[in-house]
Amino acid sequence: MDIITRLDEILREAKSDIEKVSNFEELEKIRVKYLGRKSEITNILKSLGELPKEIRPSAGKKSNLVKNEISKLLENKNAQLEEKIFNELIKKESIDITEPGEKIPIGHMHPITRMRMEVEDIFTSMGFAIMSGPEIELEYYNFEALNIPKDHPARDMQDTIWTEDGNLLRTHTSCVQIRTMEKFKPPIRAIAPGRVFRYEETDASHEHTFYQVEGLMIDRNISVANLIAVMKTMLKEVFKRDVKVRLRPGYFPFVEPGFELDINCLICGGKGCPVCKYSGWVELLPCGMVHPNVLKAGGIDPNEYSGFAFGMGLDRLVMMRYEINDIRLFHSGDLRFLEQF
Ligand code: FA5
């Protein structure tokens, strides 16, 4: 048999062998058989020099053609096997790469945070600055400077948590009033939202940790009328309707006169319901005109300036807006509650 015919035969045999292959090991064996160092084609290529001159070029050309053809067949088979395995894997592991990914749950802002930001926006639109103070406070700022000297019975109104070095977790945001006065000269318009703490037995309307927004406005000729106007504007924005307010006398050592500000009950419209205890009014926040001693402690002359201050419970404001009947839900970490907002 001449060499060209033999090479054609090798190609045919290789084709038929490759067709039958069903896995990578078999394919590798076939590759070694036809293209390996000891394969027939390699031997033919090695011994081309020994062939008669006339057939040497055509035999060389044919050998390379057959070798390349077998290489291509092996490559195609390899690709086929890969595809087959991939398809089997998809079936077995049932991965649908077109399916959308799993959604990662995203949280949202706590209703108290949202209310705080809303209140901040309302006050900044009226020209108020936003102040803050430390949560661990000096006795001086929490009590002394606010006209509550040691042994004053008013200290008992806000039982507190003391640290070993004689400081305390602030019981209200009123401390920031003094810190603000120390930093700025009148006219002052500031609010101070923040977390406060009390040594308190909790119930549906009392927490040991809650939020207040302090407000302070000091200038020449500030009166109760300014206090009422600012409060009404703020409440109208928070509740998105006109809100009636009334002032009752209230006692806080750092204001004179001091008031409790009530709003008409938004649940029953003033007719009387369990929320307002059938009075038509709901107690909202304490406020008053800044006591001359407090202005002095802040370095402001009470003969020249006057001002008002208020301390609003942020948790209670949120409770009123959403008709939440237990303050403890806010810090319960209960997603069934939080996801409603
Ligand atoms: C004060 O804390 C005064 N510093 C407020 C003030 C500021 C008066 C400026 C005058 C001038 P009071 O202890 O009443 O006051 O608290 C103010 C508000 O905080 C309350 O009206 C209530 O809304 C809220 N609050 C008080 N105690 C708790 C509590 N345990 N849990 C939740 N909210 C509370």
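Colleague: Quick one on Arg328: is it buried, partly exposed or exposed?

Modeller: Arg328 is partly exposed, at 35% relative accessibility. Here buried means under 20% relative accessible area, exposed means over 50%, and partly exposed is what falls in between, with a 1.4 Å probe and protein chains only. The areas come from the Shrake-Rupley method with a 1.4 Å probe, and for residues only the protein chains shown count as cover.

Colleague: Before I go on, what sort of model is this, and which residues count for local features?

Modeller: It's a predicted model, in which local features need pLDDT of at least 70 and side-chain atom pairs count only at pLDDT 80 or more, while totals for chains, interfaces and linings use all residues. Residues are numbered from 1 along each chain as its sequence is written, and side-chain values use heavy atoms, with hydrogens and water left out.

Colleague: Fine. Which side chain does Arg328 meet in a salt bridge?

Modeller: Asp326, at 2.9 Å from N to O. To count as a salt bridge, a side-chain nitrogen of Lys or Arg has to be within 4 Å of a carboxyl oxygen of Asp or Glu. Asp326 itself is buried, with a relative accessible area of 19%.

Colleague: Which residues do salt bridges with shared partners join into one network?

Modeller: Arg6, Glu9, Glu13 and Glu40 are linked that way.

Colleague: How far apart are the closest N and O atoms of Asp262 and Arg248?

Modeller: They are 2.7 Å apart, and the two residues form a salt bridge. Asp262 sits in strand β7 (residues 255-264) and Arg248 in strand β6 (residues 245-249), so their pairing ties together parts 14 residues apart in sequence. Helices (H or I, at least four residues) and strands (E, at least two) are DSSP runs numbered from the N terminus.

Colleague: Is Asp262 buried or exposed?

Modeller: Buried, with a relative accessible area of 2%.

Colleague: What about Asp242, which side chain does it meet?

Modeller: Asp242 meets Lys236 in a salt bridge, 3.9 Å from N to O. Asp242 is exposed, with a relative accessible area of 63%, and Lys236 is partly exposed at 43%.

Colleague: Changing topic: which residues gather in the patch of negative charge on the surface?

Modeller: Asp156, Asp159, Glu200, Glu201 and Asp203. Patch residues have over 30% relative accessible area and no salt bridge; like charges are joined within 9 Å, and nonpolar side chains (Val, Leu, Ile, Met, Phe, Trp, Tyr) within 5 Å. Lys and Arg count as positive and Asp and Glu as negative, with His and the chain ends not counted. Each charge is placed at NZ of Lys, CZ of Arg, CG of Asp or CD of Glu.

Colleague: Where is Asp203 found?

Modeller: Asp203 is in the loop between β4 (188-197) and β5 (209-219), and it is partly exposed at 33% relative accessibility.

Colleague: Now the backbone. Which peptide bond ending at Pro187 is cis, and what is its omega?

Modeller: The bond from Pro186 to Pro187, with omega near 5°. Pro187 is in the loop between α7 (175-183) and β4. Another cis bond joins Glu256 and Pro257, with omega about -5°, and Pro257 is in strand β7.

Colleague: And what is phi of Lys277?

Modeller: Near 50°, a positive value in a residue other than glycine. Lys277 is in the loop between β7 and β8 (281-290), and it is exposed at 71% relative accessibility. Lys240 has a positive phi too, about 60°. Lys240 lies in the loop between α8 (224-239) and β6 and is exposed at 63%. Most residues other than glycine have a negative phi, and most peptide bonds are trans.

Colleague: Last topic: into which domains is the chain divided?

Modeller: Domain 1 (3-93) and domain 2 (111-338), with bounds from an automatic or database domain assignment. Their C-alpha centres lie 89 Å apart.
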